[in-house]
Amino acid sequence: PAAAAGGRALGLGASLARGSGPLGLGSRGAAGARRGRAGAARAGSDEPDSLLERGIAIVPYLLPLMDGVRYGRFFFREFPQVAALLAPLNPLLMWYYSVRWASIAVFFGLYYGICNNMNLSRYVRFNCMQCILLDILLIIPSLLENLLPMPSGGQALQVYIGAYNFIWLFVFVSVIYGVAMCLLGQTARIPGVADAADQQTPDY
């Protein structure tokens, strides 16, 4: 009996050494578990793992920029240099505003392709969610614009122009800030949308 017990002990030790055992976890299972943990950690990461992730995080900032650029029409008259900086985006803007349903397609493409893509890190998904929420905020001035026609002159016109300039500058500065932080590999927190984006972006 002692010899048999010793044999069984040696057999168990050998199976454990090979990576198999009573739990059925071999070297492949252990490697799979490690990959699963690494994937979960990556999905919950608030920092980019690579330059590619930084680039992906930058792309969604085009959405609020393209939807907000029309509020810069008065600003561009006073500062044409800013319009010149945005000139490379003209082909994209022409496509965005001329193709029917383009804005909706881009919106839902980003939402389902990036925000809800758990294969991407939280850093990428958080930046995308900020852009989505910033774009949603632009619905408010759009509705007011439809309800309140442009004044013909006087103080009301100045208030109208000031509101347009404020909306454009807020969007433009937010986009520049977000893109710059992505290039640096840091997390941008845009006032008014960052906290909501945190709540809408799960760690898993």
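Which residues are buried in α8? In this predicted model, the buried residues of α8 are Ala102, Phe107, Leu110, Ile114 and Cys115. This briefing covers that helix, a network of salt bridges, a pair of cysteines and the confidence of the prediction.

**Helix α8**

- Helix α8 comprises 14 residues, spanning residues 102–115. From its first C-alpha to its last it reaches 19 Å, close to the expected 20 Å at 1.5 Å a residue.
- Viewed down the axis of α8, the buried residues lie within an arc of 135°, so they line one face of the helix.

**Salt bridges**

- Five salt bridges are found when the whole structure is searched.
- Arg122 and Asp198 form one of these, with their closest N and O atoms 3.0 Å apart. This pair links distant parts of the chain, as Arg122 belongs to helix α9 (residues 122–137) and Asp198 to helix α12 (residues 194–200), 76 residues apart.
- Arg122 also meets Asp203 in a salt bridge, at 2.8 Å from N to O. Here too distant parts of the chain are linked: Asp203 lies in the segment after α12, 81 residues apart from Arg122 in helix α9.
- A further salt bridge joins Arg189 to Asp198, whose closest N and O atoms are 2.8 Å apart.
- Through salt bridges that share partners, Arg122, Arg189, Asp195, Asp198 and Asp203 are joined into one network.
- Asp198 is partly exposed at 27%, Arg189 is partly exposed at 36%, and Asp203 is partly exposed at 48%.

**Cysteines**

- The count of disulfides in the model is zero.
- Cys128 is accordingly in no disulfide, the nearest cysteine sulfur being that of Cys115.
- Both residues of the pair are buried: Cys115 has 4% relative accessibility, and Cys128 has a relative accessible area of 0%.

**Confidence of the prediction**

- The mean pLDDT of the chain is 82, and 77% of the residues score at least 70.
- Among the elements of the chain, α4 has the highest mean pLDDT, at 97, whereas helix α1 (residues 2–18) has the lowest, at 40.
- Over residues 1–44 the pLDDT is below 50. Beyond near neighbours in sequence, this stretch has 26 contacts in the model.
- Where pLDDT is low, the predicted coordinates should not be read in detail.

Technical notes:
Residues numbered from 1 in each chain as written. Predicted model: local features only at pLDDT ≥ 70, side-chain atom pairs only at ≥ 80, totals over all residues. Heavy atoms only, no water. Salt bridge = Lys/Arg side-chain N within 4 Å of Asp/Glu carboxyl O. Helix = DSSP H or I, 4+ residues; strand = E, 2+ residues; numbered from the N terminus. Buried < 20%, exposed > 50% of the residue type's maximum accessible area, 1.4 Å probe, protein only. Expected span 1.5 Å × (residues − 1). Arc of directions from axis to C-beta. pLDDT = per-residue confidence, 0-100. Contact = heavy atoms within 4.5 Å. Disulfide = S-S within 2.5 Å.
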